[in-house]
Amino acid sequence: GRLRRANPRLAATRVLPASTFKIPNALIALETGVAPDADFTLPWDSTKAPRQPWWPQTWLAPTQTLRSAIRISNVPYFQEIARRVGRRRMQTYLHRFGYGNQRITGPIDRFWLDNALLISADEQVAFLRRLHTGKLGVKPRSTAILEDILTLERTPEYVLRGKTGTGTTASDRPIGWLVGYVERPDWAVTYFALQMQGDGVPATPERVALTKRLLAALGVLPVVEGETR
């Protein structure tokens with residue numbers, strides 16, 4: 001029941017979720033049947049999503065599954081998911097989830113990237129807690145599938161689940177996210193939302209490593225050998 005913040009003002013400020021929105025997007029897809037399971041496959045449609053110079057090589061595979069698209073944070077896959085869910089159902093679920101400002105103005109396949117939908121770090125944590133504790137009003141099966149594909153690391157001591165996100169705020173400021181939670185058999189679940197802004201936002205691997213160091217400093221994760229709390 002304890003809440004810890006670094007920079008409470010920033011933690012309460014709403015910004016775009018970027019690819020952390022893949023968490024509710026995937027959950028809505030599972031609930032509506034748009035994606036029946038983690039192995040739901042979609043082809044890359046280059047007419048709808050022409051290749052961009054900044055795309056990683058992993059996005060160029062001819063097909064992706066829900067599981068692989070979460071893992072590599074494939075934007076075109078989830079844009080197609082959003083188009084298939086549709087505006088009416090998307091709005092209904094975001095309202096039910098109480099997700100940020102719940103605004104989906106603009107194109108249905110870009111609102112979480114273009115600063116229409118906004119959410120704070122505080123709200124990210126509250127959403128993840130409702131997700132894990134079964135308070136979102138969704139089927140347990142949908143939650144179980146989602147939690148499985150969000151797994152970043154599994155050890156005998158803990159399970160780390162999460163999703164990164166990278167984007168640019170309305171004021172043209174780079175932003176990086178990592179949101180998720182840690183489950184331990186001997187400890188209450190710990191939910192977290194790392195948000196960083198400005199030039200030099202670390203890439204995904206460094207953001208994950210930083211989050212693990214912060215969680216270790218709080219005693220949630222084991223201290224990495226050679227480091228101190």
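## Pairing of S4 and S5

In which sense do strand S4 and S5 pair, and over how many bridges? In this predicted model, strand S4, which spans residues 159-168, pairs with S5 in the antiparallel sense, and the pairing extends over 10 bridges. Within this arrangement, Thr166 has Gly176 of S5 as its bridge partner.

The two strands S4 and S5 form a hairpin in which 5 residues lie between them, and Asp172, located in the turn, has a positive phi of about 65°.

## S5 between its partners

Strand S5, made up of residues 174-184, is mostly covered, since 9 of its 11 residues are buried. Besides its antiparallel pairing with S4, S5 is joined by 9 bridges to strand S6 (residues 187-197), and these two strands likewise run antiparallel. Gly176, the bridge partner of Thr166, also stands opposite Met196 in S6.

S5 and S6 form a hairpin as well, with 2 residues between them, whereas the hairpin of S4 and S5 has 5 residues between its strands.

## Packing of H2 against H6

Elsewhere in the model, the axes of helix H2 (residues 22-32) and helix H6 (residues 121-132) come within 12 Å of each other and cross at roughly 30°, and the crossing of H2 and H6 is left-handed. On the H2 side the contact is made by Ile23, Pro24 and Leu27, while H6 contributes Phe127, Leu128 and Leu131. By class, the residues of this contact between H2 and H6 divide into 6 nonpolar, no polar and no charged.

Conventions
Residues numbered from 1 in each chain as written. Predicted model: local features only at pLDDT ≥ 70, side-chain atom pairs only at ≥ 80, totals over all residues. Heavy atoms only, no water. Buried < 20%, exposed > 50% of the residue type's maximum accessible area, 1.4 Å probe, protein only. Helix = DSSP H or I, 4+ residues; strand = E, 2+ residues; numbered from the N terminus. Pairing = 2+ DSSP bridges. Axes fitted to C-alpha atoms, helices over the stretch in contact; angles between N-to-C directions. Left-handed = near helix turned anticlockwise from the far one by under 90°. Contact = heavy atoms within 4.5 Å. Nonpolar A, V, L, I, M, F, W, Y, C, P; charged D, E, K, R; others polar.
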